[in-house]
Amino acid sequence: MTPPLEGLVAVSVMDVLPMFRRYGTIPVTGRIHHIRPPGATDWSFVTDPEEGIEVTLADLMIRGEEVIRFEDQHDLSRRPASDIGTTPRYAWDDAFLAEMLRIHEQGVPATQAEWIGRIQEWFAMNSKSGEVPDERTIRRRLTPAWKSLQISA
């Protein structure tokens, strides 16, 4: 009698493939009929239980080594260079950081117009190019934050 297997085993793709269909009704469980223990090269046929081992998607995992091998094989792990693309026209992150500190120290401006003016003033004083975003552009960026601040007030 063959001793029972425990732990992680490789399963036959053909046994679980129906659970990964992109169309039609997808079964929530599958039956495993072929397994391969770690280190083995040949598949073993599941005979007990006779109908195979029932599994769900949550039971199935992909080993980290296999993910890395797949990413390397398909050149998916390469990180894009950080300097790709154009330089942003305005230093929005710096402006918003300055405003967060200002709001922390002085509170939320009384009106959205006042807040827009403060942002324009910041850009006028800190822009290397001397360019200041127009009021409409600033309003588009501030409106979601403004609305959230008004709701919480």
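I take contact to mean heavy atoms within 4.5 Å. The model I am examining is predicted.

**Entry 1: W115.** I looked up the contacts of W115, leaving aside neighbours within four places in sequence, and found E99, I103, P109, L142, A145, W146 and L149.

**Entry 2: the core.** I then asked which residues form the largest nonpolar core. I list 12: Y90, W92, A95, I103, W115, I116, I119, W122, F123, I138, L142 and W146. I note that α3, α4 and α5 (135-152) each supply at least two residues of this core. Helix α4 gives the largest share, five residues. I also recorded another core of six residues lying apart from it, with V16, I32, I35 and V46 among them.

**Entry 3: helix α4.** I checked the length of α4 (residues 112-126): at 1.5 Å a residue its 15 residues should span 21 Å, and the end C-alpha atoms are 21 Å apart, which agrees. I find Q112, W115, I116, R118, I119, W122 and F123 buried in α4. Viewed down the helix axis, these buried residues fall within an arc of 160°, so they line one face of α4. On the face turned away from the buried side I noted the exposed residues A113, A124 and M125.

**Entry 4: R89.** I located R89 in the loop between α2 (64-73) and α3 (92-106). Is R89 buried or exposed? I count R89 as exposed because its relative accessibility is 60%, the cut-off being over 50%. Its side chain makes a polar contact of 2.6 Å with that of E131 and one of 3.4 Å with that of Y90.

Note on methods:
Residues are numbered from 1 along each chain as its sequence is written. This is a predicted model: local features need pLDDT of at least 70, side-chain atom pairs count only at pLDDT 80 or more; totals for chains, interfaces and linings use all residues. Side-chain values use heavy atoms; hydrogens and water are left out. Helices (H or I, at least four residues) and strands (E, at least two) are DSSP runs, numbered from the N terminus. Buried means under 20% relative accessible area, exposed over 50%, partly exposed in between (1.4 Å probe, protein chains only). A polar contact is a pair of N or O atoms within 3.5 Å; within protein, one must be able to donate a hydrogen and the other to accept it, and residues adjacent in sequence count only if both atoms are side-chain atoms. The expected span of a helix is 1.5 Å times one less than its number of residues. The arc is that of the directions from the helix axis to the C-beta atoms. A nonpolar core is a set of buried Ala, Val, Leu, Ile, Met, Phe, Trp, Tyr and Cys residues joined through side-chain atoms within 4.5 Å.
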